[in-house]
Amino acid sequence: MTNRAELTRRDILKSGAAVASLTLASGVTLMAFGGSADAKGADAGKRWGLLIDAGKCDADCSDCVTACSTENGWGHGDHGSPETDPAWIRKVTLKEQSTGRTVSAPIMCQHCEAPPCVDVCPTGASMQRPDGVVLVDKHICIGCRYCMMACPFKARSFVHEPVADQKVNAPRGNGTVESCTLCVHRVDKGRIPACVEACEQAGHSAILFGDLNDPDSPISKALEQYPSIALRDDLGLNPAVRYQNM
Amino acid sequence: MERTIYREIRATPQVMQLGGLLAAFILAALWSVYTVEHHGHVITGMTNQIVWGLPHVFAIFLIVAASGALNVASIASVFGQKAYKPMARFSSLLAIALLVGGLAVVVLDLGRPDRLIVAMTTYNFSSVFAWNVLLYNGFIVIVGGYLVLQMMRKVDPRLVKAAGLVAFLWRLALTTGTGSIFGWLVARPGYDAAIMAPLFIVMSFAFGLAVFILVTLWLFTLSGRIFGDALLIRMGRLLGIFAAAVLYFTAVQHLTNLYATEHGGVERFILRDGGIYTLLFWGVQVVIGGLAPIALVFLNPSRSSTVLAATLVIIGGFAQVYVIVIGGQAYPLDIFPGFDVIEGFNEGIVNPYAPSIYELLLGLGGVAIALFAAGLGAKVLRVLPTNLSDANLPADR
């Protein structure tokens, strides 16, 4: 699924004139035609994903949430209510009804292979990169919130008030919708998402990041070896975020 | 009978006062929009859980009623009922006016209403929302053309009938699109049902006719024209049938859901344990907006019964849209089947919603825009017949 802005850029890239201008000022050209300079880092051969081991996740730890908030600049200076504050990632603790077993895990955008938010977005602002990461193009989001109605995971937040102290890598805007970007700004530079790093630093290593398309990647091997589940697997959306020991 | 003569309503002081009142509501809505744009949606009752609020209830009611208001014209042009023919022009005008009012609310509630041009020029065709943008714009163009054809002199009646048929089919598509906004949301147990599209169509029949009856009577009273009892009672009976159809589709919607164990939770919520939503469903939607108007128009057919029935259908209709839109979001998403959430903010609980004054003013502003546009149309265009007395009605066929 691609959005119109991206198609336009591709069309232009096909023409010789665009190739010339791209050579002269690649970043400027990409931005001017509505794409993001980072998108050139998206590799269609990859599919980035997370494997979250709920067995290793500490119910009292929320370092992943803090790290995401710090990295992407949400949750600071928001003075609304918890109901209106953004939450790109959140921690939940669950109790299994039949056994009474409790389990804790972070929930974020599940980066579905068939994302309902992308299907329903009227302008194509809600989009999927070639590497499977689901993002919101803040330039064409009109703030209709239909994606939030469509998301089965409550993963998206609407920015309810003017924002300050934005991070260069995660532009935000009052009146637009936002969610976990899987830290594409880091991933495109070969780094791991902030939540994964924070979990490692906290000594839990409950979140594994990697390329689901690469059979030799640690995440693929772990998925092959141990049972895991996807949230709302019944919907057939094939999320890139999977859970173990839930 | 005399020939049907269409005349503009006159600008009496009463008409001007009412116009002024509606303009005041529109200004209040614009103030509300400005305030929300300045501070953000944080000052409204809408949240990240209840993402669509009272403005959307107003908007959806108006959009659904818009397609239904066209029914009077369709009954005349497409189904050949001559008694409805003199009202066909105003029916088309009111349909456009209601749609404009509803769309104004949707657009003005956007997080970025300044990007309307983006919504009009950048389409994602897998989005039913984007299709609706085309359906809404197409409706205004098609019904506008249909109105012009009706008002032109010496036009082949077959052409008018053909335009009426296109408009009728388009309005069915439009309401299908509006219902599908909810019907195609697989994530939420309160929606995700194919019956939403036909349900919205029968809702539009009832709401649209009710609004048409009240607005037309209002303009007739303002301009001192006669609306015959027999015609009104006949329209009341039709409204009763439409109200019964809404109840039938509502019953099928809930019975189907009740049969599936996985939907038991949301059904118990709406039908039994949902507090305000349960009250609105049984008390306002079913009894006040369904059973009462049906009883009124069939057991005691009269002028006042019809007016009261139309009013009750509108009240019940608002409750129905409220239960669908807000109730469907208040019921929590089932993200972790088989688990209870013991820690996690707003997870697995009924989401609270208290609409703010800003949302109410915006919604009322949409109603005011629709009524102002309809009244202005009747003021400047020859769309209202001078005489709808029973003696002046054309015989059917």
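1. Trp48(A) stands opposite Asp211(A) in strand S8(A), and Gly49(A) stands opposite Gly210(A) in that strand. Strands here are DSSP runs of E with at least two residues, helices are runs of H or I with at least four, and both are numbered from the N terminus. Two strands pair if DSSP finds at least two bridges between them. Strand S1 (residues 48-53) of chain A and strand S8 (residues 207-211) of chain A are antiparallel and joined by five bridges.

2. This is a predicted model, in which local features need pLDDT of at least 70 and side-chain atom pairs count only at pLDDT 80 or more, while totals for chains, interfaces and linings use all residues. Residues are numbered from 1 along each chain as its sequence is written, and chains are lettered from A and ligands numbered from 1 in the order in which they are written.

3. S1(A) also pairs with strand S9 (residues 241-244) of chain A, in the parallel sense and over four bridges. The bridge partner of Ile52(A) in S9(A) is Tyr243(A).

4. Is S1(A) covered or open? Six of its six residues are buried. A residue counts as buried if 20 or more other C-beta atoms lie within 10 Å of its own, as exposed if 12 or fewer do, and as partly exposed in between; the C-beta atoms are placed from the backbone. In a regular strand the side chains alternate between the two faces of the sheet. From S1(A), Trp48(A), Leu50(A) and Ile52(A) point one way, and Gly49(A), Leu51(A) and Asp53(A) point the other way, with all of them buried. S8(A) is largely enclosed by the rest of the structure, because four of its five residues are buried.

5. Chain A as a whole has nine helices and nine strands. Of its 246 residues, 49% are buried. Two residues are in contact if their C-beta atoms, placed from the backbone, lie within 7 Å. Among contacts in chain A between residues at least 6 apart in sequence, 63% join residues at least 24 apart.

6. The contact between the chains takes 48 residues from chain A and 39 residues from chain B. On the side of chain A that touches chain B, two or more residues each come from strand S2 (89-96), helix H5 (116-120), helix H6 (146-150) and strand S6 (157-158) of chain A. S2(A) gives the largest share, seven residues. By class, this side has 22 nonpolar, 15 polar and 11 charged residues. Ala, Val, Leu, Ile, Met, Phe, Trp, Tyr, Cys and Pro count as nonpolar, Asp, Glu, Lys and Arg as charged, and the others, Gly among them, as polar.

7. A sheet crosses between the chains: S2(A) is joined by four bridges to strand S2 (residues 339-343) of chain B, and the two run antiparallel. Glu96(A) stands opposite Phe339(B), and Thr93(A) stands opposite Glu343(B). The open sheet has three strands in the order S3(A)-S2(A)-S2(B), with antiparallel pairing. Its edge strands, each pairing on one side only, are strand S3 (102-108) of chain A and S2 of chain B. The twist averages 40° from one strand to the next. Helix H4 (residues 63-72) of chain A packs on the sheet, touching S2 and S3 of chain A, and its direction makes about 160° with that of S2(A). Axes are lines fitted to C-alpha atoms, for helices over the stretch in contact, and angles run from 0 to 180 degrees between N-to-C directions.

8. In chain B, 21 of the 22 residues of H4(B) are buried. The expected span of a helix is 1.5 Å times one less than its number of residues. For helix H4 (residues 88-109) of chain B this gives 32 Å, and the end C-alpha atoms are 32 Å apart, which agrees.

9. Which residues touch the most other members of the largest nonpolar core? Of its 203 residues, they are Leu62(B), Leu98(B), Ala206(B) and Leu239(B). Helix H8 (residues 196-222) of chain B gives the most to this core, 18 residues. Such a core is a set of buried Ala, Val, Leu, Ile, Met, Phe, Trp, Tyr and Cys residues joined through C-beta atoms within 7 Å. Beyond its neighbours within four places in sequence, Leu62(B) is in contact with residues including Leu98(B), Val105(B) and Ala370(B).

10. Leu388(B) lies in strand S3 (residues 387-388) of chain B. Leu388(B) is buried because 21 other C-beta atoms lie within 10 Å.
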